[in-house]
Amino acid sequence: MPALWIKNARIVDPAAKRDAVGDLFALDGKMVARLSPKDRRRARKIDARGLVAAPGLVDIHVHFREPGQTHKETIATGSRAAAAGGFTTVVCMPNTSPSADNAGTIQYILDAVRRDAVVKVLPTGCITSGMKGDTLAPIGSLKRAGVVAITDDGNCVQSNELMRRAIEYAKMFDLPVLDHCQDQSMTDGAVMNEGNVSIRLGLRGWPNAAEDVIVSRNVILSAYTGAHIHMQHISSALSVDIVRRAKADGVRVTAEATPHHIAFTDEALSGYDPNFKMNPPLRTEADRRAIIAGLRDGTLDCISTDHAPHKDFEKDKEFDYAPNGILGLETALAVVLQVLVRERRFKLSLAIDLMTRRPAGVLGLPAGTLLPGAAADICLFDPDEEWTYDAKAGQSKSSNSPWSGRTLRGRVKTTLVDGRVVFPFAVS
Amino acid sequence: MTWTRRHLITIEELSLLEIEQIHATASAFKKILQRSVKKVPALRGKTIVNLFLEPSTRTRMAFDMAAKRLSADVIAFDAASSSTQKGETLRDTAENIQALNADMIVIRHAAAGSPLYLSKILDIPVINAGDGAHEHPTQGLLDTFTMKEHLGSLKGRKVAILGDILFSRVARSNIYALTKMGAAVTLVGPSTLVPHGFTTLGAQVSHDLKSALADADVVMLLRIQHERQGHRHFPSLGEYTSMFGLNKTRASWLNPHAIIMHPGPINRGVEIDSELADGERSVILEQVTNGIAVRMAVLYLCAGNQPEHVISSTE
């Protein structure tokens with residue numbers, strides 16, 4: 001493979017504590033400190049003046065719908081959306097059809113990844129068979145088949161006993177357990193945050209407390225067993241605080257936040273637009289600010305998109321009947337730059353850390369840095385370019401995004417995986 | 001001031017002037033309803049589709065009656081025998097109705113926000129006949145119309161709304177109408193059905209029946225929708241009645257001239273004593289009658305007519 005020489009970029013590599021203009025080099029798909037004069041001469045050169053060069057972004061929470069719901073997304077289209085958004089490693093959730101609760105389905109997914117993916121797509125397996133919350137899935141076989149974590153994302157394991165056994169068992173394989181924290185007995189029929197806005201709109205409310213109860217439960221079970229639980233898409237201020245206290249006590253919990261929970265509140269639902277409907281729901285300004293504070297002080301480990309494609313004909317319904325979830329991959333970087341860096345004055349290196357080294361660290365993935373020896377997974381972006389996002393023209397097979405039609409600032413220009421340009425896409 | 005609104009989706013978005021225009025128009029129509037020939041040609045040649053996707057007796061019949069009094073053709077959409085049972089989406093159903101050259105849609109739907117959704121899709125006027133727990137604007141308009149007939153101006157009047165507020169679209173529409181008209185609204189009932197957040201809509205929230213009813217000019221009872229709440233929001237109908245049911249003793253706390261209202265259907269012996277429902281202070285059946293005039297006014301105005309033309313067009 002030819003050498004790569006990226007010139008004059010603002011290199012932001014939090015793992016190396018680096019934020020300076022300079023050049024990057026790669027050889028045979030790996031980052032190197034320098035190239036030989038010969039390699040320099042024949043290297044592919046990319047002039048990155050005015051651009052930021054960051055490690056390829058890492059998203060540990062996406063839904064690629066394959067197998068079974070390939071009308072919404074496939075590993076091919078989802079990975080292209082990832083590449084367009086600057087992501088080079090993504091972790092896909094197991095709520096496919098059938099659900100990824102057995103080694104055969106994982107093998108099927110990995111075959112599709114090898115065949116179709118333009119970025120690194122890593123599978124997760126289910127905690128329980130069919131994500132039904134009744135019996136444990138074959139977690140050891142899933143690990144052997146190649147999953148990087150287990151989760152019943154979307155269906156929080158309700159039984160405390162089963163969750164305790166799952167994390168204890170998974171710990172034997174050093175497999176993190178990802179939990180969508182929701183006490184379902186408290187959210188029957190709920191479609192949005194419970195609060196003043198749900199009262200005004202006459203929609204059934206999903207109270208913060210239903211998340212807080214499970215986050216607390218997970219802290220208790222993690223403390224009891226020593227197993228690692230990662231809390232997905234934290235949306236509640238009190239949950240941020242519970243995780244903060246648990247971490248201070250040395251409990252092995254981690255947590256993530258989504259771009260939409262830092263960008264929007266439940267006020268966005270006033271027009272009953274299902275592109276603002278997701279689970280957990282958008283919450284209040286106080287929650288939004290608490291999540292941002294949690295990202296700032298390290299309570300929340302990373303940003304994850306929960307990229308959840310649904311077709312127009314599925315989403316375009318009465319609010320009560322529309323499915324949960326929105327796209328995230330193609331807009332995440334611009335939203336994070338806007339909300340965290342420009343509005344909340346995060347250092348750029350912290351924002352990048354939250355999308356690279358830190359999510360990789362949650363799952364122990366070999367990604368998220370540009371240090372020599374690392375894979376040459378690189379995201380080059382213009383932090384100030386304004387562009388109008390048109391979800392229908394995007395790479396995802398679906399277009400359910402609340403940002404569609406909006407002008408965003410910060411745009412991915414080039415994405416490289418193992419030293420190869422995967423975005424912009426080659427014209428075939 | 002001309003009437004410009006084509007859809008009636010919420011009372012929240014109406015101005016006081018618009019509410020008064022609807023009431024004035026309804027008054028004119030009410031006079032017509034008292035004549036021997038009750039029909040006027042105002043909407044002759046227009047077709048109104050009543051798209052009722054949730055059970056309804058009063059509202060559906062009142063809209064039907066109102067449209068016919070205005071000489072419109074009315075098509076009733078029966079959810080049970082329609083394509084919605086075959087999986088047709090609301091968008092497709094509505095676009096088909098528009099393609100069949102309907103001039104107006106009246107929609108009742110269990111999902112909040114559905115009328116707004118249709119109003120964004122369709123070119124024809126959409127009238128909300130109740131959407132989930134959100135709003136029931138014509139009910140709020142007919143309730144305030146009925147109150148005005150008995151009390152005159154509602155400015156400074158005290159209205160207690162008693163019962164299941166959380167799940168009530170009637171409560172929400174009345175809160176908006178009454179506060180815009182200057183009345184003081186107190187919501188009362190068990191804390192699980194009357195959450196404090198309702199104060200953000202401009203109403204007082206109380207769990208003390210006596211203070212809420214004291215000196216009230218109006219008490220509006222809402223049906224306890226026990227089929228919706230399961231058994232989680234209060235222990236039993238019996239306990240509800242013993243704590244919050246309106247009986248003679250409790251009615252004596254009201255202002256002497258106070259009226260008792262209920263949007264129906266009533267659960268006799270649960271939220272209200274049967275005798276009170278039939279008593280002289282009860283205006284429950286007047287509400288039903290006024291529902292026709294108010295809905296005539298809404299259909300008439302949203303079809304593009306002006307309030308001041310009512311009398312000339314009806315004589």
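The contact between the two chains takes 20 residues from chain B and 14 residues from chain A; two residues are in contact if their C-beta atoms, placed from the backbone, lie within 7 Å. On the side of chain B that touches chain A, α3 (90-99), α4 (114-121) and α6 (169-180) of chain B each supply at least two residues. Helices (H or I, at least four residues) and strands (E, at least two) are DSSP runs, numbered from the N terminus. The most comes from α4(B), with three residues. By type, the side of chain B that touches chain A divides into nine nonpolar, eight polar and three charged residues. Here Ala, Val, Leu, Ile, Met, Phe, Trp, Tyr, Cys and Pro count as nonpolar, Asp, Glu, Lys and Arg as charged, and the others, Gly among them, as polar.

This is a predicted model, in which local features need pLDDT of at least 70 and side-chain atom pairs count only at pLDDT 80 or more, while totals for chains, interfaces and linings use all residues. Residues are numbered from 1 along each chain as its sequence is written, and chains are lettered from A and ligands numbered from 1 in the order in which they are written.

Chain B holds an open sheet of five strands in the order β7-β6-β5-β8-β9, with parallel pairing; two strands pair if DSSP finds at least two bridges between them. Its edge strands are β7 (204-206) and β9 (259-261) of chain B, each pairing on one side only. On average, neighbouring strands of this sheet are turned by 20 degrees against each other, direction ignored. Within the sheet, β5 (158-162) and β6 (184-188) of chain B are joined in parallel over five bridges, and B:Ala160 stands opposite B:Thr186 in β6(B). Helix α6(B) packs on the sheet, where it touches β5, β6 and β8 (218-221) of chain B, and its direction makes about 155 degrees with that of β6(B). Axes are lines fitted to C-alpha atoms, for helices over the stretch in contact, and angles run from 0 to 180 degrees between N-to-C directions.

In chain A, strand β5 (52-55) pairs with β16 (378-388) in the antiparallel sense over four bridges, with A:Pro55 opposite A:Ile378. Eight bridges also join β16(A) to the antiparallel β17 (407-417) of chain A, where A:Thr415 is the bridge partner of A:Cys379.

A:Ala375 is found in the loop between α14 (357-363) and β16 of chain A. It counts as buried because it has 23 C-beta neighbours inside 10 Å; a residue is buried if 20 or more other C-beta atoms lie within 10 Å of its own, exposed if 12 or fewer, and partly exposed in between, with C-beta atoms placed from the backbone. Beyond its neighbours within four places in sequence, A:Ala375 is in contact with A:Gly29, A:Lys30, A:Ala367 and A:Asp418. A:Asp418 lies in the loop between β17 and β18 of chain A and has a positive phi of about 50 degrees although it is not a glycine. With 19 other C-beta atoms within 10 Å, A:Asp418 is partly exposed.

The loop between α9 and α10 of chain A contains A:Pro280, which is joined to A:Asn279 by a cis peptide bond with omega about 0 degrees. The buried residues of α10(A) include A:Ile291 and A:Leu295, and what covers the buried residues includes α8 (237-248) and α12 (332-343) of chain A.
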